[in-house]
Amino acid sequence: MQELLSKTPNPDTVLENQEYYELRLEESNNSQLGYIVKQSHCQWSQIDGQMMWDDYEEERCSSLRVAEKAYEARRLALVQKGFLYSDTDFF
């Protein structure tokens, strides 16, 4: 599952005014079994003149149930910061 959270409901807003958080829940694809909850941040960089991704975080979970709880906790924290609008991709 992948979800992009933003503060604006209008995707056509000028890039300089947009900020996103991406949340992902993935099955681990290496020798360690389990799931990974990933969170990254994206916002406009005046210096680079483009959207830049930063602030990567990963949380390993032993089961899908634990991963779903971790995902929801991160999502709730972002909603409380004002990132209310979601674009979800279930894959």
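Rings of Phe, Tyr and Trp (its six-membered ring) are taken as a pair if their centres lie within 6.5 Å; planes under 30 degrees apart count as stacked, over 60 as edge-to-face and the rest as tilted. By this rule, a search of the whole structure finds 1 aromatic pair. Tyrosine 21 and phenylalanine 83 form this pair, with 4.9 Å from centre to centre and 85 degrees between the planes, an edge-to-face arrangement. Tyrosine 21 belongs to strand β2 (residues 19-27) and phenylalanine 83 to the loop between α1 (64-80) and β5 (85-89), so the pair ties together parts that are 62 residues apart in sequence.

The structure is a predicted model, in which local features need pLDDT of at least 70 and side-chain atom pairs count only at pLDDT 80 or more, while totals for chains, interfaces and linings use all residues. Residues are numbered from 1 along each chain as its sequence is written, and side-chain values use heavy atoms, with hydrogens and water left out.

The overall layout comes next. The secondary structure of the chain comes to 1 helix and 5 strands, running β-β-β-β-α-β from the N terminus on. Helices (H or I, at least four residues) and strands (E, at least two) are DSSP runs, numbered from the N terminus. Along the principal axes, the C-alpha atoms fill a box of roughly 40 × 25 × 20 Å. Of the contacts (heavy atoms within 4.5 Å) with a separation of 6 or more, 49% are between residues 24 or more positions apart.

Buried residues make up 31% of the 91 residues in the chain; buried means under 20% relative accessible area, exposed over 50%, and partly exposed in between (1.4 Å probe, protein chains only). Both tyrosine 21 and phenylalanine 83 are buried. These two residues also belong to the largest nonpolar core, which has 11 residues in all: Leu5, Tyr21, Leu23, Leu25, Val37, Cys61, Ala67, Ala70, Tyr71, Leu78 and Phe83. A nonpolar core is a set of buried Ala, Val, Leu, Ile, Met, Phe, Trp, Tyr and Cys residues joined through side-chain atoms within 4.5 Å. The elements that give two or more residues to this core are β2 and α1, and the largest share, 4 residues, comes from α1. Leucine 78 is in contact with Leu5, Tyr21, Leu23, Gln39 and Phe83, leaving aside its neighbours within four places in sequence.

A few single residues complete the picture. Glycine 34 sits in the loop between β2 and β3 (35-45) and, at 13% relative accessibility, counts as buried. Not counting residues up to four places away in sequence, glycine 34 touches Glu27, Ser28, Cys61 and Ser62. The C-alpha atoms of glycine 34 and lysine 7, 27 residues apart along the chain, are separated by 31 Å.

Glutamine 80, in helix α1, counts as exposed at 63% relative accessibility. Between the C-alpha atoms of glutamine 80 and leucine 64, 16 residues apart along the chain, the separation is 24 Å.

Aspartate 55 is found in strand β4 (residues 50-61) and counts as partly exposed at 41% relative accessibility. Although not a glycine, aspartate 55 has a positive phi of about 55 degrees. Most residues other than glycine have a negative phi.
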